[in-house]
Amino acid sequence: MSFHLVVGYGPAGAATARLLAGRGHEVRVVTRSGRPAEPGIEHLALDASDPARLTEAARGAVAVHGCAAPPLHRWAAELPPLADALCAAAEASGAVLVLLGNLYGYGPVDGPLTEDLPLAATGRKGRVRAQVWERARALHEAGRIRAVEVRAADFFGPGVTDRGHLAARVVPRVLAGRPVAVLGDPDAPHSWTYLPDVAAALAEAADDERAWGRAWHVPTVPPASARAMVAGLAEAAGTGPVAVRRTPPAVLALGSLVSPLLRELRETLYQFDRPFVMDSSAYESTFTLRATPLEEQFRATVEWWRGRH
């Protein structure tokens with residue numbers, strides 16, 4: 001088996017590290033604070049934006065998985081140096097750089113999102129996200145690194161908590177049979193990417209040279225509105241129908257006065273006010289991974305949240 005370096009231990013980093021370790025790979029995880037060792041996983045505390053230290057941590061790795069993401073309000077300051085360090089570590093070690101990306105870089109788009117669309121975002125977070133991939137792709141095309149970006153829609157599923165739109169603010173209320181409030185239009189079609197599928201796509205892209213040099217969308221089930229997703233969770237939980245309403249704009253405006261996260265979300269509210277659909281057919285026609293069936297996603301998510309209490 002081989003050695004993989006996973007940078008970041010949020011929901012996606014943790015899921016990826018555990019998947020790789022479960023397959024028998026040697027896994028080292030880098031975070032600022034470190035953590036106690038887990039079966040098959042070494043945790044290392046260091047600043048991943050330090051190129052020299054990250055390069056040393058990546059020595060001998062076959063892949064470097066970039067799963068770290070600073071809080072949204074610190075993206076502009078912290079994401080570029082982190083991405084530069086990831087590229088430096090990949091170049092020095094010869095490891096494949098596997099970046100976990102999202103859909104911000106496209107900006108508002110009419111119609112389904114596909115990987116061949118231009119990264120035309122004008123908002124600050126979208127431009128920063130686009131620049132991270134543009135830098136890595138340029139190094140790949142120059143022959144200095146091997147790189148791939150795996151893009152996901154909004155995370156859903158076990159392990160997704162505070163930053164998930166259908167997670168900490170929704171699932172516990174569904175389990176209690178209480179009404180929930182969501183961002184934007186509750187009936188607008190929206191793509192939700194299951195977290196275990198994100199980890200599986202990162203692992204597959206690292207191992208298949210056909211993936212390198214471009215971006216791919218994680219296999220994702222057809223879009224469903226927030227109302228339909230809540231209904232599916234309620235059915236899996238056996239709690240009966242749960243009322244779903246839109247969070248009033250005035251509440252968001254007031255909350256943004258004290259919450260940096262809510263202030264930053266204003267830039268991407270277009271994703272929730274109209275259809276926001278990600279097309280993952282290119283990945284599915286090339287590789288073996290398929291999206292987990294939605295009913296299984298609901299069941300596993302409910303079981304995971306119940307296991308937390």
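In this predicted model, the largest cavity is lined by Gly66, Cys67, Ala68, Leu79, Leu82, Ala83, Leu86, Leu99, Leu100, Arg129 and Val132. Helix 3 supplies the largest share, with four residues. By residue type, the lining of the largest cavity divides into nine nonpolar, one polar and one charged. The space inside the largest cavity amounts to about 70 Å³. In total, four cavities of 30 Å³ or more were counted. Rolling a probe the size of a water molecule over the atoms shows where such empty space is left.

For Leu5, when neighbours within four places in sequence are left aside, the contacts are Arg28, Val30, Leu54, Ala57, Ala58, Ala61, Ala63, Val64 and His65.

Helix 6 is mostly covered, since 11 of its 13 residues are buried, that is, under 20% relative accessible area. The buried residues of helix 6 are Leu195, Asp197, Val198, Ala199, Ala200, Ala201, Leu202, Ala203, Glu204, Ala205 and Ala206.

Helix 7 (residues 226-237) has 12 residues and reaches 16 Å from its first C-alpha to its last, close to the 16 Å expected at 1.5 Å a residue. Within helix 7, Ala226, Met229, Val230, Gly232, Leu233, Ala234 and Ala237 are buried. The cover over these buried residues includes strand 7 (154-156), helix 5 (171-175), strand 8 (180-182), strand 9 (192-194), strand 11 (244-246) and helix 12 (294-307). Gly238, with a positive phi near 70°, follows helix 7.

Burial was also found in a loop. Thr268 lies between helix 9 (260-265) and helix 10 (270-273), in the loop that joins them. The relative accessible area of Thr268 is 3%, and because this value is under 20%, Thr268 is classed as buried. Apart from neighbours within four places in sequence, Thr268 is in contact with Tyr104 and Lys125.

Key
Residues are numbered from 1 along each chain as its sequence is written. This is a predicted model: local features need pLDDT of at least 70, side-chain atom pairs count only at pLDDT 80 or more; totals for chains, interfaces and linings use all residues. Side-chain values use heavy atoms; hydrogens and water are left out. On a 1 Å grid over the protein atoms alone, a cavity is a set of points where a 1.4 Å probe fits but cannot get out, and a pocket is an open set with protein on both sides within 12 Å along at least five of seven lines; lining residues have an atom within 4 Å of a point. Grid points are joined across faces, edges and corners, and a volume is the space filled by probe spheres set on the points. Helices (H or I, at least four residues) and strands (E, at least two) are DSSP runs, numbered from the N terminus. Ala, Val, Leu, Ile, Met, Phe, Trp, Tyr, Cys and Pro count as nonpolar, Asp, Glu, Lys and Arg as charged, and the others, Gly among them, as polar. Contact means heavy atoms within 4.5 Å. Buried means under 20% relative accessible area, exposed over 50%, partly exposed in between (1.4 Å probe, protein chains only). The expected span of a helix is 1.5 Å times one less than its number of residues.
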